[in-house]
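Welcome! Take a moment to look over the sequence and the 3D view, and then we will walk through them together.

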Amino acid sequence: MSERQGGPGPSSSPPSPSRALVAWRLVRGHLVSAAVVVGLLAVWEVVVAVFDIKTYVLPAPASIVSKAVTDADILLPNLRVTIVEMLLGFGLAAVVGVGLGILIAGSAVFRRGVFPLVIASQTVPVIAIAPVLVIWFGYDILPRVLVTALVAFFPLTVNTVSGLRAVDPELVRLFRSLNASRLQIFRKLTFPSGLPYIFAGLKVAATLSVIGATVSEWVGADRGMGYLIITDTQQLETTRVFASIFLLSLSGIALYLIVAGIERLSLPWRHSVRARRRRFKPSPGLPRARARAAATR
């Protein structure tokens, strides 16, 4: 049967993999990462045992987990405080970062006047700003939320500007030829095109918010994981310091995964195209143009 008659030919698209195969590919990727982490932890445990490293210098992973369990009544209340600061700071950074990015990308005057100030704000160490914010706003949660937002908003602003300015000019001209207003172009074209960049910035901001919340507690705080780490370091409670770091890392990973999940729900078309491209492997004799057509089919 010829290709014209609909029979199998070199231009036919590959069969879609089953759900079980897709699930196995996802699990396989996570299994590799888990194996690497387990291997590193095993090496860490062996090195501590073989060289008889003191606990106050480098505790073993088993000791860290045990300390996290036994001192949960101390760690969890402080972790709750830091998570609240982290989420509030991340939310403020998201609103300010995306808002600034939209204004900077949409206005040349705003871009020339404000964007240099945004860049200059990152040249000042945040740890130097924290005492000033404590003087201005007191010892409440507000200074720590502001510090967290200052740490997290910059990559989100830059990614938003890059995404909104990366839209295809040909598409903009097409919308204008259809008498679309600036607001319609933004709603229907510019903002949807920039969403992948914005979510990339949100994922970076999610990890940085953990750093910001922890650093903010080093100045003018009597609760939180940052305060607990400073106190335990002075008392050589190294095992609990590592347990605090472990819990902070889990919090950052959880927030990152939440943002990644929202991105997957908001941009399903992007992930489906990626999946088709990954599983499509053109044969050696298939022309490039036909390969691209089959990959997007």
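Why does F186 count as partly exposed? The relative accessibility of F186 is 25%, and partly exposed covers the range between under 20% (buried) and over 50% (exposed), so F186 falls into that middle class. Keep in mind as you explore that this is a predicted model.

**Aromatic rings**
- The chain has 3 aromatic pairs.
- One of them joins F186 and F191, whose ring centres lie 5.6 Å apart with 45° between the planes.
- This pair counts as tilted, because the angle is neither under 30 degrees (stacked) nor over 60 (edge-to-face).
- F191, the partner of F186, is partly exposed too, with a relative accessible area of 27%.

**Overall build**
- You can find 12 helices and 0 strands in the chain.
- Reading from the N terminus, the elements run α-α-α-α-α-α-α-α-α-α-α-α.

**Surface and interior**
- The chain has 297 residues, and 33% of them count as buried.
- Its accessible surface comes to about 18,000 Å², with 67% belonging to carbon and sulfur atoms.

**Confidence**
- The mean pLDDT of the chain is 83, and 81% of the residues reach 70 or more.
- Residues 1-16 have a pLDDT below 50, and this stretch makes 17 contacts in the model beyond near neighbours in sequence.
- Residues 280-297 also have a pLDDT below 50, with 20 contacts in the model beyond near neighbours in sequence.

Conventions
Residues numbered from 1 in each chain as written. Predicted model: local features only at pLDDT ≥ 70, side-chain atom pairs only at ≥ 80, totals over all residues. Heavy atoms only, no water. Phe/Tyr/Trp six-rings, centres within 6.5 Å; stacked < 30°, edge-to-face > 60°. Buried < 20%, exposed > 50% of the residue type's maximum accessible area, 1.4 Å probe, protein only. pLDDT = per-residue confidence, 0-100. Contact = heavy atoms within 4.5 Å. Helix = DSSP H or I, 4+ residues; strand = E, 2+ residues; numbered from the N terminus. Areas by Shrake-Rupley, 256 points an atom, 1.4 Å probe, with all protein chains shown as cover.
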